[in-house]
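Subject: Structure handover

Hello,

Here is the structure I promised to pass on. Please open it alongside this note.

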Amino acid sequence: MRKLLGCALVLLAVAAMPAQAQVSFGVGGGLLMPMGDYGDVDKMGFIGGVGVLFPIGTAPVSVRLEGTYSQTSHDGIDGNTKIIGGMASLVYLFSAGGSVTPYVLAGVGYYNGKVTVPSLNIDESDSKVGFGGGGGIRFPMGSAALFAEVRYMNISTDPSTTYLPIIVGVSFGGK
């Protein structure tokens, strides 16, 4: 069902693109700040990802498909938490008067979290649906653009895994 939903979103995005629209590809990385129960046991870590943005017609809305990998270290005990997953998001680009373009995004994805504590012989993995939303700014630079964004992420584990990724990156192609 999840794969079918993902394929349907991609097909919808591609079908809605006018001939002159260009797909853009991006790569970025930054800091991951654990929150809630996750923040009680892990310290700040890193996150990296790749994505593709499909414009929907001439509207200021696009579909973004992305994959991310992150890792944090436990606070006060050996081991780490690794999260890998993918998300499909709707992105709304605001029309700003200058060259800087602000945007907001919201989406749903599927994530696998792996917690390792070698001294306690713990090596557990769990996959769940996740939700996220946030905003960012884009700085066009010729055929590329720099971007910076922050999001609030929540993975439906028990207890939930919540975090703030702060990402800086570059995208190529598109308008």
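Below is what was found in it, starting with the overall fold.

First, the ground rules. This is a predicted model, where local features need pLDDT of at least 70, side-chain atom pairs count only at pLDDT 80 or more, and totals for chains, interfaces and linings use all residues. Residues are numbered from 1 along each chain as its sequence is written, and side-chain values use heavy atoms, with hydrogens and water left out.

**The barrel**

The strands form a closed barrel of 8, in the order β1-β2-β3-β4-β5-β6-β7-β8, with antiparallel pairing. From one strand to the next, the twist averages 25°. Strands here are DSSP runs (E, at least two residues), numbered from the N terminus. Two of them pair if DSSP finds at least two bridges between them.

Take one pairing. Strand β4 (residues 80–93) and strand β5 (residues 101–117) run antiparallel and are joined by 14 bridges. N80 has T116 in β5 as its bridge partner.

**Salt bridges**

The count is 5 salt bridges. The rule asks for a side-chain nitrogen of Lys or Arg within 4 Å of a carboxyl oxygen of Asp or Glu.

E66 takes part in two of the contacts described here: with R64 at 3.8 Å, N to O, and with R151 at 2.6 Å, N to O. The R151 pair links distant parts of the chain: R151 sits in strand β7 (residues 144–155) and E66 in strand β3 (residues 61–73), 85 residues apart. Burial is set by relative accessible area (buried under 20%, exposed over 50%, partly exposed in between; 1.4 Å probe, protein chains only). E66 is buried at 13%. R64 is buried at 13%. R151 is buried at 4%.

D123 and K114 form another salt bridge, at 3.5 Å, N to O. D123 is exposed at 51%, and K114 is partly exposed at 34%. Elsewhere, shared partners join R64, E66, E149 and R151 into one salt-bridge network.

**A nonpolar patch**

L31, M33, M44, V150 and I166 make a nonpolar surface patch of about 390 Å². Patch residues have over 30% relative accessible area and no salt bridge, with nonpolar side chains (Val, Leu, Ile, Met, Phe, Trp, Tyr) joined within 5 Å and like charges within 9 Å. Areas come from the Shrake-Rupley method with a 1.4 Å probe; for residues, only the protein chains shown count as cover. L31 lies in strand β1 (residues 24–35). L31 is partly exposed at 42%.

Best wishes

Definitions and conventions:
Helix = DSSP H or I, 4+ residues; strand = E, 2+ residues; numbered from the N terminus. Axes fitted to C-alpha atoms, helices over the stretch in contact; angles between N-to-C directions.
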